[in-house]
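Have the structure open as you read.

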Amino acid sequence: MFPLKPVDVPDVDRRSLPVFEAGSIDVPYVIDGMDEAISRNTFWEEHSHPTHELIWNTRGASSLTVGSRTWMITPTVGLWIPAGVRHTARTPAGTWYRTAMFSVQSTAPIADGPVAVDVTDLLRLLLDRLAEPSLEGSSRATTEAMVLDVLAPSPHELLLRIPDSELLAPIVEAVRADVRDAGTLEAWSARLGVSSRTITRQFRAETGLGFSRWVAAFRIQRAIVLLADGDSIDEVAMTVGFRSASSFGTAFRRVTGTSPGQFRVR
């Protein structure tokens, strides 16, 4: 079931979980889940589940990575992970996450790969209802059917692809080290001894974005964590390297489909 109270977390910052193939365990439920309040920055080493998984947060923002793709997870945007897909995750201290596990035998996947899901008020209420220990069998079946009916991919994914080519590795390392000062395309061109066009072409090939858009998306992922922690919009804009709250708002809307203020209200 979905426990409703936070639980204590061991004083560790890395966790290991098994790797399961899809459907390798025949679970005795259609939808089941759990939640946990995290007290330390926690890294989840690569693992996979025999069931499909929906993960979202009650509080805070976290990230989940599959290969070169990293999604942000918030209280309003969760992530669907098909059974058997290997992934890692990072959960900052103070995050309260929830998961719902879906039986492979009873549930058709909503997508072939990981995909963002809007955690609407209706979906949240339905999942909360499944946490009620007194819920009878027929009511549970009806609620599960409603969850499966409203569950759908979101048009807005908080997704960032990390390039892994040798050419772009110094840029990725620099941005990770100091997201406020990523450098300019021209400066990186001179440092790496290649044309600006070459760098742009490589970024587009590996991430689907040009250099500037990729840096902005990286900054927005950092910003989402800070906004979820309650930092002011002006503070967040400065912390992640935008010159003004206005430019930050424009970039935030481009990546997330909403403004920083609307994101905080949600």
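Which residue stands opposite leucine 64 in E6? It's tryptophan 71.

## Ground rules

This is a predicted model, where local features need pLDDT of at least 70 and side-chain atom pairs count only at pLDDT 80 or more, while totals for chains, interfaces and linings use all residues. Residues are numbered from 1 along each chain as its sequence is written, and side-chain values use heavy atoms, with hydrogens and water left out. Helices (H or I, at least four residues) and strands (E, at least two) are DSSP runs numbered from the N terminus.

## The E5 neighbourhood

Five bridges pair E5 with strand E6 (residues 69–73) in the antiparallel sense; two strands count as paired if DSSP finds at least two bridges between them. The two make a hairpin with two residues between them, and glycine 67 in the turn has a positive phi of about 60°.

E5 also runs antiparallel to strand E8 (residues 87–91), joined by three bridges. There, serine 63 stands opposite arginine 90.

## The five-stranded sheet

Elsewhere, look for an open sheet of five strands in the order E2-E9-E4-E7-E10, with antiparallel pairing. Strands E2 (31–37) and E10 (115–118) stand at the edges with a single partner strand each, so one side of each is left without a neighbour in the sheet. From one strand to the next, the twist averages 25°; axes are lines fitted to C-alpha atoms, for helices over the stretch in contact, and angles run from 0 to 180 degrees between N-to-C directions.

Inside this sheet, E4 (residues 52–59) and E7 (residues 77–81) pair over three bridges, with leucine 54 partnered by tryptophan 80. Helix H2 (residues 137–150) packs on the sheet, touching E2 and E9 (heavy atoms within 4.5 Å), and its direction makes about 75° with that of E2.

## Helix H8

H8 (residues 245–256) has twelve residues. Its buried residues include Phe248 and Phe252. Just after H8, glycine 257 takes a positive phi of about 85°.

## The largest pocket

Strands E5, E6 and E8 come up again here: along with strand E3 (42–47) and helix H6 (211–228), each supplies at least two residues of the lining of the largest pocket.

Notes:
Expected span 1.5 Å × (residues − 1). Buried < 20%, exposed > 50% of the residue type's maximum accessible area, 1.4 Å probe, protein only.
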